[in-house]
Amino acid sequence: MSNDCLFCRIVAKEVDADIVHDSSEVLAFRDINPAAPTHVLVIPKRHIASANELSDADGHLLVDLFQTMASVSATAGLEGGHRIVTNVGHDAGQSVHHLHFHVVGGRSLGWPPG
Ligand code: AMP
């Protein structure tokens with residue numbers, strides 16, 4: 001855990017969040033500033049700064065994260081489609097430096113993103 005990381009503090013239950021999935025390695029909770037009717041953040045509980053910091057040993061964790069995203073989208077009823085986004089670094093607008101996947105849906109989504 002990184003003490004100055006907001007998402008580590010959510011994992012540690014030091015900061016409240018609207019949690020929709022909680023398993024041994026993965027947590028999912030609603031984004032505090034939703035960009036669509038469904039906007040859930042799916043994160044590893046272990047601190048990993050971004051997708052650039054993943055290693056060969058994280059294969060199982062990645063499957064767990066993507067299966068959680070599939071479950072979150074199914075539970076939200078996003079049969080019509082949804083988007084999975086992870087921002088990496090300043091130019092992409094990453095504001096929390098703990099790996100997270102945005103699961104966004106419930107409306108028509110434009111492409112390309114801004
Ligand atoms: P990013 O800009 O890709 O790093 O995404 C960070 C996301 O975290 C943003 O969409 C924020 O709205 C969201 N966020 C920030 N603080 C919280 C919080 N306390 N609970 C839930 N989501 C948050």
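A polar contact here is a pair of N or O atoms within 3.5 Å; within protein, one must be able to donate a hydrogen and the other to accept it, and residues adjacent in sequence count only if both atoms are side-chain atoms. The model is predicted, so local features need pLDDT of at least 70 and side-chain atom pairs count only at pLDDT 80 or more, while totals for chains, interfaces and linings use all residues. Residues are numbered from 1 along each chain as its sequence is written, and side-chain values use heavy atoms, with hydrogens and water left out.

View 1. Look for H102, which places a polar side-chain atom 2.9 Å from a ligand oxygen atom. N87 does likewise at 2.8 Å, and V96 brings a backbone N or O atom to 3.1 Å from an oxygen atom of the ligand.

**View 2. The shell around the ligand.** The ligand is surrounded by 16 residues, each with a heavy atom within 4 Å of it. D31, N87, S95, H100 and H102 are the closest. The shell divides into seven nonpolar, seven polar and two charged residues. Its largest share, three residues, comes from α1; α1 (6–11) and β2 (26–30) each supply at least two.

View 3. C5 is in no disulfide, and its nearest cysteine sulfur, that of C8, is 3.8 Å away. C5 is buried, at 5% relative accessible area, and C8 is buried at 2% (buried means under 20%, with a 1.4 Å probe and protein chains only).

Technical notes
Disulfide = S-S within 2.5 Å. Buried < 20%, exposed > 50% of the residue type's maximum accessible area, 1.4 Å probe, protein only. Helix = DSSP H or I, 4+ residues; strand = E, 2+ residues; numbered from the N terminus. Nonpolar A, V, L, I, M, F, W, Y, C, P; charged D, E, K, R; others polar.
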